[in-house]
Amino acid sequence: MAIKTIDGALLVRILHGALDWLSRHRQEIDALNVFPVPDGDTGTNMYATLQSAVAAVGDPPPEAISEAAAAAARGALIGARGNSGVILSQIIQGFATALAGKERADVQDIAGALAAGAEYAYRAVNEPVEGTILTVVRDTAQEASAAAGRSRNLLRLLVSVLRTATRSLAQTPELLPVLKEAGVVDAGGRGFTAILEGVLQAAVERELKAEPLLHDPGRRPDHGIPPAPALPETGDEKINFTYCTEFLLKGLNLDAAPLKEELAPHGDSLLVVGEGDVLRVHVHTDHPGTVLEAALKYGSLHDIRVNNMRDQHRQAARQQTVTAVVAVAAGEGFAALFNNLGAAVVPGGQTMNPSAGEIAAAVEKTGASAAIILPNNPNIILTARQVKNLTGREVRVVPTVTMPQGVAALLAFDPRRDALQNLSRMTEAAERIVTAEVTRAVRDAKISELDLKEGDFIALVGEELAASGADLLEVATAAAREIAADKDLLTIYYGAEVEPVLAEDLAGRLAKLLPAVELETQYGGQPHYHFLLAAE
Amino acid sequence: MPEIAIVTDSTADLPAETARKLGITIVPLKVIFGQEVYRDGVEMDTATFYKRLRAGEMATTSQPSPGEFEAAYRELLAKAETIISIHISRDLSGTVNAAEAARSLLPDADITVIDSRLVARALGLLVQAAARAAREGKSRDEILGLITKLMQEIRVFFCVDSLEHLRRGGRIGGAQALLGTILNIKPILTLRDGIIQPFEKVRGHRIALRRLAEIVFQEAGPQPVTCLIVEGDNREAADALTNLLSGLPPGSTVEVGRVGTVVGAHAGPGVFGVVICKE
């Protein structure tokens, strides 16, 4: 497979591929965004910019690559949003400028155009910062020129620039400490590699699949979901100026340089790009009015956008935890459940009580300033209360005696409230749950005036015996009827020793016997207890 | 025709008949399936709409353009001196920006554009109250005062079948959307500060209905309330809620309304909820 030259039509097809691929990765890129302002919109802004570029080309596309590229560049300039969008528009602008007058472009032309794109991108930014999209673009352009010397096949060039871009992206946390702190790669750089990925795929006309065909360095390998950027705890410290101010300036024979000079003292992240009759301006400032007024001397203002970045940042920061929940749980099903609901899990239960030290270590590991502990067993409550002596953090204990109570308590947890408020909400929620524990009697005994034989199944509600007998399903059914008769929801958590079909059998029986109760069957994987039944 | 005209957008989910009777002008947003664009509440009925959503189609939405608002305002200004234009929360849609842009194109006209911080029938309730006040001959300032007061009092609580639609539309954060896929968790959501926020997590459909009813009783206290039950293709939940709310203080009203296409595109089919306002 080889592509020797690109014309207008192929360029447009490639841009469409890039746009499609970028749109699939938009939210992931948004989530990476910590620099220069952690407002979580890089992917969206780059997408909007590229979309505007693609839309401007028109249909059918011009035959000459120069015309298609020039139209895209103008579209990108008009539609550019955000810092990364403006930089992207400049990459396209440089690319188009280098291709001026060409009908078709070969490897040398494309390498030259990428170099011009990188140059324009650097020129657009007042104080270029390494470890951002700028670095990735420059590395990419250098590799393109090397690759152009090796082969005349554009596909080969695309493959090697993508490999370089990916490597360069993976290096961004080494160059920019704020990325390293947050454990992410640069969002703009990731957006650029996503565009290259889309370009390559469109070029080989491979059908886009939802799964990435390529290694995806923006994701951590151990998570299915993209990592949320860790935002600085004190919130506003990374934001030097409050208002992100963007607009288009239209006039005659506009020149970016004098305006850039005039605006520089008013803020940072300043970008003034374009030439001729349209300039795009982007600046972070405390005085958007002054900026607009200054620009007005040069021409008319359009598409003005002013955003309060502190608001945007606060909105994102609000989701950071200050209070964590630590749950003691036995069984892989319960451990996964507590985890998925946002709690840290300490393994332990009936016959393997964790120490206060183990729980304290889990509390420390959350990094939160306050922790709420769910002991989920009567024998662990006292241990949990000791934890506050072992850590400097605020520690509260919701005295849950069963794991289903712990689940209910965890659902009532509201991260926006402080630990004390949560303590009362969670305790109330736990108290609404009635749990029956179905297990096997380990010796002959007498409970609640009933004789039990070793090996019999018994159902306990608190200290009380709710049912007993030789048949597991009958005992569980009787217990469920006792606790759930006037309730809305019964959850069947089945244990490690129980086959799923048996749990389904039980659910089937109960559905007939308790038609007014919603049933939910869940694998708990707990040892000792065949079933934990929870009614609420 | 009163001298004060009331304008809203289609996310207020006001039935056409109600709007006509009260003389309310509705500027429609658009609901989009792929390349097909429909004006909300005008060009696609909710039955067809929810059927397509349930069949797995994705709908997106778009706000009216400033030009559409300008046209609506110009037409009204031929008859009315003053316009009060009340819209969906700015944090949920850019509609109010478009309305403000249109107002700036008509610098000599007396147009007040209001970001209601609300949406759906909660916005509808506000708009209806404003329109009634306008019909009674209240002044502009009196109506604006009423609106400000009601904006503080109207409460909205709702449940969605799946948080997926809200997440995809960017109306809630990604982390929230993970819930609801395990243990049959039904998050109860509310509108606060103009945005959708989690209120409480409960498990199971029945408990969710019961909890919504409890919230209404709590909000009402001993006072009569206006309660609107809203549903997006979930008549069953609306009926169950109507039953649960039969014991509200005397003088209370309970009505059922349907969630329109634009709001439905973000809430997803199966949504149900309550809008409450003290009398």
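The model is predicted. Val27(B) belongs to strand 2 of chain B, which covers residues 24–27. When residues up to four places away in sequence are left aside, the contacts of Val27(B) are Val7(B), Asp9(B), Pro64(B), Glu68(B), Phe69(B) and Ala72(B). For Phe69(B), 42 residues from Val27(B) along the chain, the C-alpha separation from Val27(B) is 6.9 Å.

Chain B contains 11 helices and 13 strands. Of its 279 residues, 47% are buried. Among the contacts in chain B with a separation of 6 or more, 73% are between residues 24 or more positions apart.

Two loop residues of chain B have positive phi values without being glycine. Asp193(B) has phi near 50° and is placed in the loop that joins strand 9 (185–192) to strand 10. For Asp233(B), phi is about 60°. This aspartate occupies the loop between strand 11 (225–231) and helix 10 (235–244) of chain B. Asp233(B) has 22 C-beta neighbours inside 10 Å and therefore counts as buried.

Helix packing was examined in both chains. Two packed helices are described by the angle between their axes and the distance between the axes. In chain B, helix 5 (residues 120–135) and helix 6 (residues 140–153) have axes that come within 10 Å and cross at roughly 155°. Helix 5 of chain B and helix 6 of chain B are therefore roughly antiparallel, as the angle is over 145 degrees. The crossing of helix 5 of chain B past helix 6 of chain B is right-handed. On the side of helix 5 of chain B, the contact involves Leu126(B), Ala129(B), Ala130(B), Ala133(B) and Ala134(B). Helix 6 of chain B contributes Glu142(B), Ile143(B), Leu146(B), Ile147(B), Leu150(B) and Met151(B). By class, the residues of this contact between helix 5 and helix 6 of chain B comprise 10 nonpolar, no polar and one charged.

In chain A, helix 2 (residues 42–57) packs against helix 3 (residues 65–79) at an angle of about 135°, and the axes are 7 Å apart. Helix 2 of chain A is therefore oblique to helix 3 of chain A. A right-handed crossing is again found where helix 2 of chain A passes helix 3 of chain A. The residues of helix 2 of chain A that take part are Ala48(A), Thr49(A), Gln51(A), Ser52(A), Ala53(A), Val54(A), Ala55(A), Ala56(A) and Val57(A). Their counterparts in helix 3 of chain A are Ala68(A), Ala71(A), Ala72(A), Arg74(A), Gly75(A), Ala76(A), Ile78(A) and Gly79(A). The contact of helix 2 with helix 3 of chain A includes 11 nonpolar, five polar and one charged residues.

Helix 18 of chain A (residues 472–484) has 13 residues, so at 1.5 Å a residue it should span 18 Å, in agreement with the 18 Å between its end C-alpha atoms. Buried positions in helix 18 of chain A are Leu472(A), Val475(A), Ala476(A), Thr477(A), Ala479(A), Ala480(A), Ile483(A) and Ala484(A). These buried residues pack against strand 8 (434–440), strand 11 (457–461), strand 12 (464–469), strand 13 (489–494), helix 19 (500–513) and strand 15 (531–535) of chain A.

Elsewhere in chain A, Ala146(A) is located in helix 6 (residues 133–150). Ala146(A) has 13 C-beta neighbours inside 10 Å and therefore counts as partly exposed. Between Ala146(A) and Gln108(A), 38 residues apart in sequence, the C-alpha to C-alpha distance is 9.8 Å.

At the interface, 14 residues of chain B contact 11 residues of chain A. On the side of chain B that touches chain A, at least two residues each come from helix 8 (174–178), strand 10 (195–203) and helix 9 (205–220) of chain B. Helix 9 of chain B provides the largest share of that side, four residues. The side of chain B that touches chain A consists of five nonpolar, five polar and four charged residues.

Conventions:
Residues numbered from 1 in each chain as written. Chains lettered and ligands numbered in written order. Predicted model: local features only at pLDDT ≥ 70, side-chain atom pairs only at ≥ 80, totals over all residues. Axes fitted to C-alpha atoms, helices over the stretch in contact; angles between N-to-C directions. Parallel < 35°, antiparallel > 145°, perpendicular 65-115°, else oblique. Left-handed = near helix turned anticlockwise from the far one by under 90°. Contact = placed C-beta atoms within 7 Å. Nonpolar A, V, L, I, M, F, W, Y, C, P; charged D, E, K, R; others polar. Buried ≥ 20, exposed ≤ 12 C-beta atoms within 10 Å, placed from the backbone. Expected span 1.5 Å × (residues − 1).
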